[in-house]
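This report covers a ligand site and a set of aromatic ring pairs. The sequence and structure come first, followed by the computed contacts.

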Amino acid sequence: MTNVLFDSLLGKADPAAQFAHIPGEDNDRYYTYQDVMDVSARFANVLTNMGVQPGDRVAVQVPKSIEALMLYLATVRAGAVFLPLNTAYTASEISYFLENASPTVFVCDPNRAEEYTSLAQDLDVRLETMGVWQNEETSAGTMLDAGLKASTTFETVAREGSDLGAILYTSGTTGRSKGAMLTHDNLLSNAETLVDYWKFTKDDVLLHALPIFHTHGLFVATNIVLMAGASIIMLPGFNADDVIHHLPKSTSMMGVPTFYTRLLGDTRFDKELVRHMRLFVSGSAPLLAETHIEFEERTGHRILERYGMTETNMNTSNPYDGERKAGTVGFPLPGVEVRIVDPASGEEIPDGEIGILEVRGPNVFAGYWQMPDKTREEFRDDGFFITGDMASVGKDGYIQIVGRSKDLIISGGYNIYPKEIELLLDEQPGVLESAVIGVPHPDFGEGVVGILVAKPGNTINEETVLSSIRDDIARFKQPKRIIVMDELPRNTMGKVQKNQLRETYKDLLTT
Ligand code: MLC
Ligand code: AMP
């Protein structure tokens, strides 16, 4: 009996090969594949000793570190389900995830343990902590302390391909987040496909600057590296100085478009710096064609743009060897079926016309955690998942994402659902109603703007509203600006005309 995901990711690894270089302020650290086996075994023992059983959820909201990545592998190894959470989420957001997923253990940042103690008690979740490793003498949380004392031997728990490996929450158009259930097969099939498609080998060194609580940094970047027996340079986040410093030692990088526009804004980022690089991948948000073109002019490299989703992992990609076309997301990946349908009838439409993109394949998730109705709503009877992205297929077969039928803002690669912010703004004193839109933002692609209408006899102050929602939702979701209008534009059916608002305020964040 095997553990489908863990054994496939690590089954062929050379124990002596380097897995990670972790630059530090005082000294750098290095992980071999043997260390990966040992440390993941230690944490798997710790989790099992805490009573974590196969199928149990392990919720994790910790700063990025190599040990946090080991906790992911340990959870899979113990047969449990990894549930990573954005470090920007506030306690009130976290309480929803803990209540909905009922994890056995919640591992948080040691600096936030106090904030979460009573919540964990109320929900009967065991609270543990994990910060960033310093040295053997300095405690950086209970998980690391326990890991140091645990054995490096662990009998990996058998799991089948249809068993869950992870749950990742994605926001919903109705305001409440849904947990996308990802099976071992979902994650494995995508990793296998991408290693092949993007030609990753053991000689690759991936510069890792993405967060590890989302599909892009956790699965796409990490699983591919493990599967290929390659290595990573693990940065705590994106910082242009660090990226520029470490690019000469890397062969590949994955990023959201903001990474690339920020690099292009830095004169040190030039042809010489990236001469030896093999691959730059972009995704999670649309890469402007002009960024793609400027990037090639500056570096001689063509960014490889791909398209994916939390629910589906990666669906399409520009080719590795063929032409990487600016403004397109390439072709369906091997084994992945993509079709474009008429939103109203669900019928497939001819190439060149715009419709909703639907996808079917081994990469597509198993449904939303404990939400059978939502799951049914988003799948067709023949198993295609309705992504909510509007797309068309060109004559040459390249797919273009042209918009979204879902009311969603993507800011710096993070998804923000307007409904969630509108519900909160509507509760603020003096607010009659609100509309939240995304408008062009020079750094994040799109930025959030809240449009408010005051109740009769009330006035609304931008600063007051912004400060009163500060602790309720993650900072990246909070509007960059609040605008007050006398009334919201509506069509004859009474629906708020967000297109009109987006047009009116299109320059608000760029000027
Ligand atoms: C940070 N801020 C943002 C933001 N990130 N605001 C809007 N959108 C964002 N994405 C705000 C902070 O709240 C803060 O506000 C200020 O900007 C500076 O914060 P920071 O932490 O210093 O920002 P920085 O480290 O520069 O982060 C920007 C970033 C980061 C682009 C590097 O957002 C990032 O790593 N994004 C990647 C997201 C990602 O991995 N997505 C993949 C999803 S998976 P203030 O006001 O307090 O100063 C997926 C599937 C797929 O979508 O296809 O891949
Ligand atoms: P998430 O739910 O965070 O996984 O975000 C997935 C969404 O990001 C998709 O439904 C798309 O709307 C968007 N997305 C991902 N990659 C691309 C891309 N290359 N171009 C345009 N949109 C993208």
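A residue counts as buried when its relative accessible area is under 20%. The model discussed here is predicted. Phe280, with a relative accessible area of 1%, is therefore buried. Tyr260 also counts as buried, at 0% relative accessibility.

**Aromatic pairs**

The count of aromatic pairs comes to 21.

Tyr414 and Phe476 form another aromatic pair, which is tilted: the centres are 4.4 Å apart and the planes make an angle of 40°. Tyr414 is in strand 21 (residues 414–416), while Phe476 is in the loop between helix 14 (462–468) and strand 24 (481–485), so here the parts tied together are 62 residues apart in sequence. Phe476 counts as buried at 13% relative accessibility.

Ring pairs also link Tyr89, Tyr96, Phe97 and Tyr169 into a cluster.

**The ligand site**

Which residues come nearest to ligand 1? Of the 23 residues around ligand 1, these are Arg262, Ser284, Arg306, Ser411 and Arg475. By class, the shell divides into ten nonpolar, nine polar and four charged residues. Domain 2 (279–404) and domain 3 (408–504) each supply at least three residues of the shell.

| Residue | Protein atom | Ligand 1 atom | Distance |
|---|---|---|---|
| Arg306 | polar side-chain atom | oxygen | 2.7 Å |
| Gly413 | polar backbone atom | nitrogen | 2.9 Å |
| Arg475 | N or O atom in the side chain | oxygen | 2.7 Å |

Taken alone, ligand 1 exposes 1000 Å², and the protein buries 73% of that area. The elements giving two or more residues to the shell are helix 8 (215–228), helix 10 (257–264) and strand 13 (304–309).

How values were computed:
Residues numbered from 1 in each chain as written. Chains lettered and ligands numbered in written order. Predicted model: local features only at pLDDT ≥ 70, side-chain atom pairs only at ≥ 80, totals over all residues. Heavy atoms only, no water. Near = heavy atom within 4 Å. Polar contact = N/O pair within 3.5 Å; in protein donor to acceptor, adjacent residues only side chain to side chain. Areas by Shrake-Rupley, 256 points an atom, 1.4 Å probe, with all protein chains shown as cover. Helix = DSSP H or I, 4+ residues; strand = E, 2+ residues; numbered from the N terminus. Nonpolar A, V, L, I, M, F, W, Y, C, P; charged D, E, K, R; others polar. Domains from an automatic or database assignment. Phe/Tyr/Trp six-rings, centres within 6.5 Å; stacked < 30°, edge-to-face > 60°. Buried < 20%, exposed > 50% of the residue type's maximum accessible area, 1.4 Å probe, protein only.
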